[in-house]
Amino acid sequence: MQLFKSHISAMWALLLLLICLTAAFAENVDCVNYNKNDPKATPDVRCKYARIWSTRTAVLYVVDPDSAIMRKNAIPYKDFLVYIPKEVSTDTLTVTKASDSTQIKNLTPVNSGADSVVEVNIYGHYAYENFQLGTAVSESDIDPIVSLVYNFYAPELEYSIDGKVITDVSKLDYKVGDTVKVDVRAVIPYGPQADRTDSTLERTFFFSAFGDSKSLKFLSPSGSDLTLSDGSVRLKIENGKSSFLVVATKAVTDGSTFTLGGFDDGKDSSGKTKFLVDEKFPGELQFKNPDMPSLDGAAIYDTDGDGIGDSIATWFSGNMDSVSVDSFYYSWPDDESFKKYSGDVKENKNGDIFGLPDVSVKLQKDSATGAVKAYVCSTLGNRCDTLKTDLKDSIGAAIQSASLIKGNGKTDTLVVRFNKDMDESWTSGRGLVLNGEAIDVNAVKKDGNVWTFVVKTGVVEVGDMIKIETVCGKDKCPDGILTSADGVPTSKNNKEVPVDNAGRVYADNENNGFYDRDGDGRMDSVSLGFSTPITEDDLKNLELKFYWLDKDGDVVEIVPTSIYDLVISDDGLVVGYALDPDKYNIKPMLTSIDSVSSKGKEYGYAKLINKVTIDGEKTEEETLCGMHDYMPPVISTTFLNPESFQEMEPDRFTVTFSEPIDYKNFNLTDDCLAFYVDGEWVHYDLSDAQWSNDGRTVTFMMEAGADLTSRMNPADSVRFDNFTSGLKDLEGNNVAEVTPPVMVKGDPRVVMKTTSMADLNRMEELSERAKPFTLDHVESELSEEQKASLGVLMDVSFATIMKNGSDGVSKVDIDKIGLKWELYVYTNLGAYVGHASGKIDCDDPFFDGNCLENPDKLYVRWNMRSDNGRKVGVGIYLAKFNIRVYGAEEDFKVERVFRWGVSATKH
């Protein structure tokens, strides 16, 4: 049996036994909403409550199954696990061992040690509910125990005046100069102590005021200013309670208020301090001048029907007899800046309504907000004040612009921009008036203040005048009148506007394509077709985007930077763009369009964006365009496995293409490929060919029976040579004549020839040679003198044996190519005679600096002497020759054994 305890006195034993027995069945403990259905319900006994920024300590220990659950029965040095079924970010809660502050996570192993217990600290930085904590015997324990459930709360602040709690519906009216005492207390938000004062709270809170409330002064109950030298206004809450005085030095009538914030939580993006507890003073708090009127309201109207506010009306109440309204200020469509009204103010007979005609405001873009300020002076109290009220939106709907998009069928499209968001309950009917006549329209797209209507083809033409219909019966307008979303009625004198040409064009799929103009295997140009001819002016209202892959396999967006980078065909139906593959890091050896890339990303498509300017604002219509693969296949890699021993054996030559070849639907002829060997282009028999199932790779068996030294070798070249009936891809694209030749890569061909017999006379001729072995350079064939000696002639075609890089391109680095050779000579009984070795790099002077361009032969001669310089005797000798041809990443090794004979007489 296991037990988690938060206290260790014996009086808790019976309670903890109950916890232990019921823990496995109560993992979904709710310590917050436990009394939702029964107000008298009590929380689970495992629920613990604490305020944020506090630490609670719990004790873990384990007892034997037969022992009473008491601290004195705890087992020392016992291994067990801490059970935390739902781990929380360490920014919110931190669980650590009390002994060394190490962090504890779910199933962290612990040991009870000599004290038989493990103390755990839980610290709550942020509010968090129902954090479960318990124990488990093992990671596979099917019955772990949840023993305690912690809840860290942020206290709430409650304001009261004269013993009455202030709520959102409280109306608090005072006079300027009145002093109001406000009591505040910290309230526990939930749990068995809910709504009680959090009497342990001792913390400083900060005042923040807004709007007119910035003129409020906050004082201590004794009248001391709570403002400190740094400008902050602070209130100390002790034992969960505090009080302060509020005094208004001027009128507060704008509905603004203040907040108290505590528990600093850093800065926001503007540098302002954030608080975990930030309680707004509720209710409607006003301080009025007794001899001043109230500015009760204001509204803005559109009198000329253009959808833009041009007139404001204001309403006053209270004492107006001895008051003069000297000036007005207004803000619209936002309340961030005020403009002084400079026109003639209109006043009604009662002197309580003032009109401000011909105000100058901008067209609202989103939900508009505004306010009006009035500077008023009273002759009774000889004082002046600024009154403020919100500005109500009373502007009806009006069309700002209309653009016609000609269709290619039975309907045209009309894009209408209104002055404000419209009521989306309207769908169809005679909602618009065209040239004085109501027309039927159907709203197919409703996007705030931009709506798209469908009309019959030919009903609307560019240059027609259009407005909103305001007189229409239910039979013709079942959805009523087109009205703004805020419910302001549409004015009968809403203005008509001309219908513009949206300039939309339609793409034509057949002429949409990707191209590889230079045949290097990289996409370098695109085209987009149109159903009707377009002009340079049309391009100014279009944006073209193309999507391909970069060398990392990621989708890259290709956007022409200027219309002058585009080329329009003579008939105006095709637009072409030649791009720089390096600028966009275009993927090499990609000449086809698959549905998705190797990374699962779509590519090989285009976007056509029609740009329409409506009332100075651009709207965009985006069309996805399918694209065709008009790129010819290219050779991406080659590899030659040459034969170095038997002339009757063929070479194995593999060609991999950038995309699948349609090999089943064409005849592979010898002229499909040409090979550059020994300074001239030749054709080989290609009849013995084996294709891979996907058509990307073909392997040829070539040159069987041909002399090994005359065959094609690595560093030779291959190219396409039939551009009409030769190789083509699955899209029908023939290989291109502009495709450059490709270097043949592969293993080296190492052909070795030897002279197997020499006599003692030849040994005498070589007696002056001090070294047992000699290395000679042979341009073509051995001399007669060399043929009379024992040795090995190596004809090595150094290989381009480097692997392809990640970008699909492999370049030969001659600095990293060369060969190492070793020659061992033994008697026919296996006794060691002599050894020689050497190394030659590709850029060695032996090859005039480049072994691939000057592949001369190498002759290693044995001077019939042992390592110590002594002459050998007549007999049979075994020569073991090892060659390792090396490159950047792979080596190629050849080992040959020759039988050499030394005779007594000359042959």
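A salt bridge here is a side-chain nitrogen of Lys or Arg within 4 Å of a carboxyl oxygen of Asp or Glu. Colleagues, the structure above is a predicted model, in which local features need pLDDT of at least 70, side-chain atom pairs count only at pLDDT 80 or more, and totals for chains, interfaces and linings use all residues. Residues are numbered from 1 along each chain as its sequence is written, and side-chain values use heavy atoms, with hydrogens and water left out.

I begin with aspartate 385, in strand 28 (residues 383–393); strands are DSSP runs of E, at least two residues, numbered from the N terminus. Aspartate 385 is buried but has no salt bridge, buried being under 20% relative accessible area with a 1.4 Å probe, protein chains only. Which side chain of opposite charge is nearest to aspartate 385? That is lysine 250, 5.1 Å away. The aspartate 385 side chain does reach the backbone nitrogen of alanine 251, at 3.4 Å.

I turn now to the aromatic rings. Rings of Phe, Tyr and Trp (its six-membered ring) pair if their centres lie within 6.5 Å; planes under 30 degrees apart count as stacked, over 60 as edge-to-face and the rest as tilted. By this rule there are 38 aromatic pairs. In one of them, phenylalanine 316 and phenylalanine 328 have ring centres 6.4 Å apart and planes at 70 degrees, so the pair is edge-to-face. Phenylalanine 316 belongs to strand 22 (residues 311–317) and phenylalanine 328 to strand 23 (residues 323–331), so the pair ties together parts twelve residues apart in sequence. Phenylalanine 316 is buried, at 5% relative accessible area, and phenylalanine 328 is buried at 2%.

Conventions:
Helix = DSSP H or I, 4+ residues; strand = E, 2+ residues; numbered from the N terminus. Buried < 20%, exposed > 50% of the residue type's maximum accessible area, 1.4 Å probe, protein only. Lys, Arg positive; Asp, Glu negative; His and termini not counted. Polar contact = N/O pair within 3.5 Å; in protein donor to acceptor, adjacent residues only side chain to side chain.
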